[in-house]
Structure formats: structure tokens, C-alpha cells
Amino acid sequence: MPVEASSGNGWVIRVYGVEDDPKQALASATWFNRPILESLQRLGLSRDEVWGAVQEPTLWNASLFP
């Protein structure tokens with residue numbers, strides 16, 4: 001997908017696992033076919049860092065990519 005940044009325009013590729021549903025409820029959501037909360041914990045990321053004040057946290061609206 002195309003993105004705009006202060007340093008110029010570019011492209012970002014988002015990669016998901018085959019079974020990942022980016023709009024699935026957080027409790028049962030997966031990212032790269034693993035539970036997303038487990039993956040975030042391994043990466044040292046808290047729920048607040050990834051979703052902030054988002055009403056419904058899902059992989060779809062996670063702030064994982066700049």
C-alpha cells in the first residue's frame with residue numbers, strides 16, 4: 001500500500017498468516033498464525049502502546065507499522 005512520510009513517498013507491505021482475520025476479536029485474534037497477545041508480549045509491546053484509546057482493539061487497527 002502506498003504511504004506518505006515527511007521523508008517522501010514509499011510503499012508498505014503488510015504480511016499476515018493464512019488464518020489471520022484482522023478484524024477478529026482480540027481475545028481470539030492471531031498474527032502470523034499465533035495468538036496476537038502472545039506475540040506482542042514476546043516483542044515487549046503493551047496493549048496501550050499498540051492500540052492506545054481505540055474503542056475495539058483488533059489487528060486491523062493496531063499501530064504496528066509506522
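View 1. V15 is placed in the loop that runs between strand 2 (8–11) and strand 3 (30–31), where helices (H or I, at least four residues) and strands (E, at least two) are DSSP runs numbered from the N terminus. This is a predicted model, in which local features need pLDDT of at least 70 and side-chain atom pairs count only at pLDDT 80 or more, whereas totals for chains, interfaces and linings use all residues. Residues are numbered from 1 along each chain as its sequence is written, and side-chain values use heavy atoms, with hydrogens and water left out. With a relative accessible area of 44%, V15 is partly exposed, a class that lies between buried (under 20% relative accessible area) and exposed (over 50%), computed with a 1.4 Å probe on protein chains only. Not counting residues up to four places away in sequence, V15 touches W31 and F32, contact meaning heavy atoms within 4.5 Å. A separation of 14 Å lies between the C-alpha atoms of V15 and S39, which are 24 residues apart along the chain.

**View 2. The aromatic pair of W31 and F32.** The structure holds 1 aromatic pair. The ring centres of W31 and F32 are 5.1 Å apart and the planes stand at 35°, so the pair is tilted; rings of Phe, Tyr and Trp (its six-membered ring) pair if their centres lie within 6.5 Å, and planes under 30 degrees apart count as stacked, over 60 as edge-to-face and the rest as tilted. W31 counts as buried, at 10% relative accessibility, whereas F32 is partly exposed, with a relative accessible area of 42%.

**View 3. The largest nonpolar core.** This core is made up of 10 residues, namely L26, A29, W31, I36, L40, V50, W51, L59, A62 and L64; a nonpolar core is a set of buried Ala, Val, Leu, Ile, Met, Phe, Trp, Tyr and Cys residues joined through side-chain atoms within 4.5 Å. At least two residues of this core come from each of helix 1 (36–43) and helix 2 (47–51). L59, one of the core residues, is in contact with Y16, P22, T30, W31, I36 and L64 when its neighbours within four places in sequence are left aside.

**View 4. K23 over the ring of W60.** K23 lies over the face of W60, at 4.4 Å from the ring centre. A charge sits over a ring if NZ of Lys or CZ of Arg is within 6 Å of the ring centre and within 35 degrees of the ring normal.

**View 5. The salt bridges of E38.** The structure holds 2 salt bridges, each defined by a side-chain nitrogen of Lys or Arg within 4 Å of a carboxyl oxygen of Asp or Glu. The side chain of E38 meets that of R34 in a salt bridge at 3.6 Å, N to O, and that of R42 in a salt bridge at 3.4 Å, N to O. E38 and R42 both lie in helix 1, 4 residues apart, which is about one turn of the helix. Through shared partners, the salt bridges join R34, E38 and R42 into one network.
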